[in-house]
Amino acid sequence: MIKPITTVSVTPALPKSIHRLQELAYNLRWSWDHETIGLFIRLDRELWEETYHNPVRMLGHLSQERLEAAANDPAFIANYQRILAAYDAYMKEEDTWYNRHFGHVKQKPLIAYFSTEFGITECLQNYSGGLGVLSGDHLKSASDLGIPLVGAGLLYQEGYFRQYLNADGYQQEMYPINDYANLPVTLVRDASGQPLMISVPLPGRELYAVIYKVQVGRVSLYLLNSNIAKNALEEDRSLTDRLYGGDRRTRIRQEILMGLGGIRMFKAMGIKPDIFHMNEGHSAFLALERIRDLMLENKLTFEQAKEISAASNIFTTHTPVPAGLEKFGFDLMDEHFTDFYRSLGLSREQFLELGREEMDGSQVFSLPVLALKLSAGANGVAELHGDVSRKMWQFMYPGLPEEEVPISAITNGIHVQTWISADMGQLLDRYIDPDWRKDESQPEIWQSVDTIPDAELWRIHERRRGELILFARKRLVEQLKRRGVSYAQLEGAEEALNPDALTIGFARRFATYKRATLIMQDVERLARILNDAERPVQIIFAGKAHPHDTQGKEFIRQISHLARQAEFRHSIVFLEDYDMHIARRLIQGVDVWLNNPRRPKEASGTSGMKVIYNGGLNCSVLDGWWAEAYDPSVGWAIGNGEEYPEDQIEHQDYLESEAIYNLLEQDIVPLFYNRGRDGLPREWIARVKNSIRKLGPFFTTHRMVQQYAEQFYMPNFERTVSLTTPDMSKGVEYASWRARLDKVWDQVRVRDVRVDQRQVKVGSKVEVAATVHLGALKPDDVSVQVYYGTLTPRGAIEQGSAVDMQPVNGNGESDYTFAAQIDCEASGERGISVRVLPKHTYLPTPFQPGIIRWPQQS
């Protein structure tokens, strides 16, 4: 291998009159602006497709003659200038949602959003699936709303794998190299023009990384990459080759680079975030680096720095099953963190306690546990997922009722402008408030959907379905050519699918719990449904299985084999190499989006949300987002939200596959084909309008990011400013109080509880008093509450309510009497108890791990 002496960067020679095309290409705002995309397509449609929708590469491959012709074309220049004016107005806009709601805040916070993957557009393959796409949509909405936010993650040389199927229909993986010189990323350089570099500690050496910048509208995303000559070892250079690749040692080192390295990256660039949002646990090590920095910069102890830094950390969990969470053995933690925890002044046991979790009879270091312990706020990504998360992490909060575990829920959404088709967008422009382009989370905007003529809505949807069928046929032919099939098979592929048939889409990660083959439980019945000559139905599948997921790969093989059978050859298609481009085609063209995970294992899911805005309907198990979105007027539910134990999953699969067949035969297919004399399925269209009107305002990342700002970013920023301004004295004082609380909490006792009467009428009040021993604490340090509610058959309080009790008197020896009244609003037996919780102005929640006291049970 011959290595160069030096390198030369070659850039397009753009004529002066269109030189800002390069600026447009490097700002990924184009990925959600159909006008800008149209401008690039106008230069060369074929090259746009050949470069896989990559304007940076496209500009570098256009002939000078074509560029000069565009520069001298008055129509092109007029279009270019109009788009440039809209771009400039967007970038400079002051009337943003953030400024309208928080412009009065004197100090503007900066939020750092960390994620292991970002799916922004298909030409930048730095994502694997839903988590990455959500992260990309989060950045886009933050940009649109004017939220002051920067992103942080890793830039992968090979990204996630590209998928193809072999002759047997079994998934194979390939890893093409990402050419950064021809991608919308720029290398960050220092004042001397050299690549800016950071390092993190690895055993016996430093790992070095450079920084790449991706501009996403008004938001900057910074990504670290270790493939540089400064790293002498090949394993260090290849560390950022693959997303979710390698062994556990590779994984922990990637996450050290993202967590520790991400904090060092911002410091090297002179960027000072105020709030740190960990999107999943992969970046949780950043909390340790922040503690270390505070200790060094402000001469703080570990406990002081921990309490102060936690005020500005936020953790979002996306995983509803323990097995999917990021955990490492203590051996890997010892290998990589021994020197680090010593620099924090911690012993090994103290350090491991920060992330300790029991798993299968052994102990591991859990990054979600670390993130929960070192954050002031945590949330799941759907209402049901919040319930699941509270149950999963209740072990960290002994004595606390499950429903009070301090993990809230902010339901995921999608960036509508990215996912809505140009046709559908133009239709909405004609009939509803134009503000839907800026903030679609306003419910009143969507009320005008009913004014859209049925014929226009249906015509546009039929056009999109027809384009999907043409796209699927083309991709199918390309797939078969790569496999070397016969000419007759290629001809058959060109006739696959029917542009007028009811089209079902199923596309997602092929994890086992998502049950891609559920609809294939009864093949004969499926054949009758799909091959009805009067009412044909067809299914388009797509999705990738993790390279090590043999069961997921087997699902793909089964679908591929079924699609080859004569009775399914024209009605079932599997599209290889699922990515954002295929996803967009599917969600813009299908009639029904099918989703049948094993409840409650779907944290949220967002693919079905994208269908809402494109005139499709959802048919799903009541899991994730659909559990809170569903009502009979907007789509279909598979089952009634049942959950089954592991030993009954075969029975579950049978019942829920039967439910799918029944829905298709008795409801979905008849509704779709019930046409009036004008050929329109009026009842179907009414349901589509219901879906858009009712669900449109909520399932967007604009609403989601607004909730993060209102519930986490701004309150946590206000608290952090108070703790650290003008110096750290308030933070140190709070940390001292918190340390004293841990030290003396064992002294707290509920000595007795007194209820003035045991039988009352509805509407009465019951007086409750309690004597509480506080030891070294004072009444201002605690919150004493009456906790009451209905009883389970086992005599435990369920779904209890809490009422604060007020101190009445004290005996001078740490015993205090507290009293309160509770309302009896319904008949029946009620359980009553009293509890003691910590209380402080700066405490983010009174529910702290292990800090709660109930009366001793006799």
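**The contact of H2 with H6**

Glu-35, Thr-36, Leu-39, Arg-42 and Leu-43 in H2 meet Ala-75, Phe-76, Asn-79, Tyr-80, Arg-82 and Ile-83 in H6, where contact means heavy atoms within 4.5 Å. By class, this contact of H2 with H6 holds six nonpolar, two polar and three charged residues, with Ala, Val, Leu, Ile, Met, Phe, Trp, Tyr, Cys and Pro counted as nonpolar, Asp, Glu, Lys and Arg as charged, and the others, Gly among them, as polar.

This is a predicted model, in which local features need pLDDT of at least 70 and side-chain atom pairs count only at pLDDT 80 or more, while totals for chains, interfaces and linings use all residues. Residues are numbered from 1 along each chain as its sequence is written, and side-chain values use heavy atoms, with hydrogens and water left out.

Helix H2 covers residues 34–43 and helix H6 residues 74–92, and the two pack at an angle of about 155 degrees with their axes 10 Å apart. That angle makes H2 roughly antiparallel to H6, a term for angles over 145 degrees. H2 passes H6 in a left-handed crossing, that is, the near helix is turned anticlockwise from the far one by less than a right angle.

Elsewhere, Ser-657 is found in helix H26 (residues 649–673). Ser-657 is buried, with a relative accessible area of 1%, where buried means under 20% relative accessible area with a 1.4 Å probe and protein chains only. Leaving aside residues up to four places away in sequence, Ser-657 touches Leu-518 and Gln-521.

Notes: Axes fitted to C-alpha atoms, helices over the stretch in contact; angles between N-to-C directions. Helix = DSSP H or I, 4+ residues; strand = E, 2+ residues; numbered from the N terminus. Parallel < 35°, antiparallel > 145°, perpendicular 65-115°, else oblique. Buried < 20%, exposed > 50% of the residue type's maximum accessible area, 1.4 Å probe, protein only.
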